[in-house]
Amino acid sequence: MGRGAQSLARVAVIVRAGAAPLWWPGLLAAAVGAFVPGLTGRRIGLLAGGALFLVTLAAVAFVRTGRYAELAKGATRAGRGDFLQDRDVTVRNWRRGHRWWLAGAFLVAVASAYVLPGAGGLVLAGAGAGLWLKAVRLGQRERRDDVLYWVRTDWVERGRPAGKHVRAYRTTGPVAGDAAPGGARRRRR
């Protein structure tokens, strides 16, 4: 990288990186919990889990949306020498940095089945679905603005693309990088 060049990661990819590692283990923990009678019984546990799923999905999907919009509004064009990080590298870095948290959350979700069967797993799945929805909404903004949003990798504190250390986003054209708007894999033609 040249002088003044930065390593940039896609904002939507960072957000979306946690969706699958929360969704699938959450569903697995909910399925395991459905076979445990628990203190409250299966029916109450799964009904409470369904309600908690919806609350968690909404909370994760809509929290800090103003901060994302503010950073997107003040975004500047990426420089010619800036290095755009591959989607796979961004996802791998996020998942490596959070692997112990993800494993711990799965174990807590399974253990919570002894109190509320399935509820902990559904909360985990709701968080994953909320992250996916947030990434989709970011993709809609990218399509509307006809740009892709990037953030400096040294500003992304613990996988938070809108954290307090992030001062501004950078933009590129809609065909830059290897991820589609919203952070999904770009389809090969």
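**Transmembrane annotation and assignments**

Analyst: The unreviewed UniProt entry places the feature "transmembrane region" at residues 22–39, 46–63 and 100–133. The model examined here is a predicted one.

User: What makes residues 22–39 and 100–133 helical or strand-like in the model?

Analyst: Residues 22–39 are 72% helix and 0% strand, and their end C-alpha atoms lie 25 Å apart. For residues 100–133 the span is 79% helix and 0% strand, with the end C-alpha atoms 24 Å apart. The annotation itself comes from the UniProt record, and such annotations may be inferred rather than shown by experiment.

User: How many helices and strands does the protein have, and in what order do the elements run?

Analyst: There are 6 helices and 5 strands. From the N terminus on, the elements run β-α-α-α-α-β-β-α-α-β-β. The C-alpha atoms fill a box of roughly 60 × 40 × 30 Å along the principal axes.

User: How do you know that the end-to-end distance of helix α3 agrees with its number of residues?

Analyst: The expected span is 1.5 Å times one less than the number of residues. Helix α3 covers residues 42–62, which is 21 residues, so the span should be 30 Å; the end C-alpha atoms are 30 Å apart, and the two values therefore agree.

User: How does α2 compare with its expected length, and what makes its buried residues a face?

Analyst: α2 has 16 residues and reaches 22 Å from its first C-alpha to its last, close to the 22 Å expected at 1.5 Å a residue. Its buried residues are A19, P21, L22, G26, A29, A30 and G33. Seen down the axis of α2, they fall within an arc of 160°, so they line one face of the helix. The buried residues of α2 pack against α1 (11–17), α5 (87–111) and α6.

User: What is the strand order of the sheet, and why do β2 and β3 count as edges?

Analyst: The sheet is open and has 5 strands in the order β2-β5-β4-β1-β3, with mixed pairing. β2 (76–77) and β3 (83–84) each have a single partner strand, so one side of each is left without a neighbour in the sheet.

User: How do you know that β4 is paired with β5 and with β1, and in which sense?

Analyst: Pairing requires at least two bridges between two strands. Strand β4 (residues 148–152) and strand β5 (residues 170–172) have 3 bridges, in the antiparallel sense. Y149 stands opposite T171 in β5, and L148 has T172 as its bridge partner there. Strand β1 (residues 7–10) and β4 also pair in the antiparallel sense over 3 bridges. A9 is bridged to V151 in β4, and R10 to W150 of that strand.

User: Which sense is found between β1 and β3?

Analyst: β1 and β3 pair in the parallel sense over 2 bridges, which reaches the required number. The bridge partner of L8 in β3 is L84.

User: What makes β4 and β1 covered strands?

Analyst: In β4, 5 of the 5 residues are buried. L148, W150 and R152 point one way from β4, while Y149 and V151 point the other way. In a regular strand the side chains alternate between the two faces of the sheet. Both faces of β1 are likewise covered: S7 and A9 on one side, L8 and R10 on the other, are all buried.

Methods:
Residues are numbered from 1 along each chain as its sequence is written. This is a predicted model: local features need pLDDT of at least 70, side-chain atom pairs count only at pLDDT 80 or more; totals for chains, interfaces and linings use all residues. Side-chain values use heavy atoms; hydrogens and water are left out. Helices (H or I, at least four residues) and strands (E, at least two) are DSSP runs, numbered from the N terminus. Buried means under 20% relative accessible area, exposed over 50%, partly exposed in between (1.4 Å probe, protein chains only). The arc is that of the directions from the helix axis to the C-beta atoms. Contact means heavy atoms within 4.5 Å.
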